Amino acid sequence: MENTNQFYNLTESDMLNLWKQVMHLEIPRRDCTVEWDDGIDLDALLLTNIKQWYAHLLNTAPAHLLPIENLASQVPIDTRDGMVFATVPQQCVRPVEWKLSEWQRSVTTFLDPCSHEAMLQLNEWTRGGVCNPACIDYGFQMLMMSTTSVTPQLELARCVVRPADGSYQFHYNLLSTIPEWHQSLPNLL
């Protein structure tokens with residue numbers, strides 16, 4: 001993972017404790033035990049909110065505040081008519097920077113498949129080349145324009161990733177978004 005300076009790397013239980021602390025839900029210790037079973041399951045409710053909050057962060061927060069990995073070695077590519085089709089690895093949430101080795105610069109803005117710019121890439125005369133490359137993001141697949149090589153090499157595939165171990169990794173600055181998230185849960189549908 002890149003950008004590890006000033007990052008949290010928390011397990012689910014550590015994250016739950018952190019949320020309780022940030023939201024002032026910790027019960028002060030009184031050296032006694034009290035049990036009841038007619039209330040809500042606060043931990044289950046918070047874990048649901050934590051998962052939604054983290055998924056939202058991975059999709060929308062500035063990339064430099066999230067875990068980023070270069071997945072180029074894990075991306076299978078196929079070339080047809082100067083177009084490079086790359087299958088996006090499962091742990092990739094969103095692309096950050098992609099580059100074929102023959103390109104003069106990397107791509108950091110990814111085109112929506114329905115955009116006018118993406119439609120221009122489908123014509124061999126208007127598509128990007130090694131000087132001005134373009135990538136269309138289909139979610140599960142990236143269409144990279146274009147290549148002159150028969151066997152292009154993917155040099156860079158930096159992506160915001162969901163940690164494989166299920167941990168929560170994010171920059172300290174994102175901690176301040178927890179109270180805001182809880183007060184105004186966005187409509188995720």
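Me: Which residues touch the most other members of the largest nonpolar core?
Reply: In this predicted model, the largest nonpolar core has 28 residues. Elements giving two or more residues to this core include α1 (12–22), α2 and β5. The residues that touch the most other members are Met-15, Trp-19, Trp-53, Val-160 and Phe-170.

Me: Which strands stand at the edges of the open sheet of three strands?
Reply: The strand order is β2-β8-β5, with antiparallel pairing. An edge strand has a single partner, so one side of it is left without a neighbour in the sheet. The strands at the edges are β2 (68–70) and β5 (92–100).

Me: Over how many bridges do β5 and β8 pair?
Reply: β8 covers residues 154–161, and its pairing with β5 is antiparallel. Within this pair, Pro-95 stands opposite Cys-159. The number of bridges is seven.

Me: At about what angle to β5 does helix α2 run?
Reply: Helix α2 spans residues 42–60. This helix lies across both β5 and β8. Its angle to β5 is about 20°.

Me: Which residue in the hairpin of β3 and β4 takes a positive phi?
Reply: β3 (residues 77–80) and β4 (residues 83–87) pair in the antiparallel sense over four bridges, with Arg-80 opposite Met-83. Two residues lie between the strands. The one with a positive phi, near 55°, is Asp-81.

Me: Which helices does the salt bridge between Lys-20 and Asp-43 tie together?
Reply: The closest N and O atoms of this pair are 2.7 Å apart. Lys-20 is buried, with a relative accessible area of 17%, whereas Asp-43 is partly exposed at 30%.

Me: Are Glu-97 and Arg-158 buried or exposed?
Reply: The side chains of Glu-97 and Arg-158 meet in a salt bridge, 3.0 Å from N to O. Glu-97 lies in β5 and Arg-158 in β8, so the pair ties together parts that are 61 residues apart in sequence. Both residues are buried.

Me: Is Lys-99 buried or exposed?
Reply: Lys-99 forms a salt bridge with Glu-155, with the closest N and O atoms 3.7 Å apart. Glu-155 is partly exposed, at 43% relative accessibility. Lys-99 has a relative accessible area of 13%, and the cut-off for this class is under 20%, so Lys-99 is buried.

Me: Which residue has its backbone nitrogen 2.7 Å from a polar side-chain atom of Gln-121?
Reply: Gln-121 lies in the loop between α3 and β6 (134–137) and is buried, with a relative accessible area of 8%. Its side chain also reaches the backbone oxygen of Glu-117 at 3.4 Å. The residue with the backbone nitrogen at 2.7 Å is Gly-128.

Definitions and conventions: Residues are numbered from 1 along each chain as its sequence is written. This is a predicted model: local features need pLDDT of at least 70, side-chain atom pairs count only at pLDDT 80 or more; totals for chains, interfaces and linings use all residues. Side-chain values use heavy atoms; hydrogens and water are left out. Two strands pair if DSSP finds at least two bridges between them. Contact means heavy atoms within 4.5 Å. Axes are lines fitted to C-alpha atoms, for helices over the stretch in contact, and angles run from 0 to 180 degrees between N-to-C directions. A nonpolar core is a set of buried Ala, Val, Leu, Ile, Met, Phe, Trp, Tyr and Cys residues joined through side-chain atoms within 4.5 Å. Buried means under 20% relative accessible area, exposed over 50%, partly exposed in between (1.4 Å probe, protein chains only). A polar contact is a pair of N or O atoms within 3.5 Å; within protein, one must be able to donate a hydrogen and the other to accept it, and residues adjacent in sequence count only if both atoms are side-chain atoms. A salt bridge is a side-chain nitrogen of Lys or Arg within 4 Å of a carboxyl oxygen of Asp or Glu.
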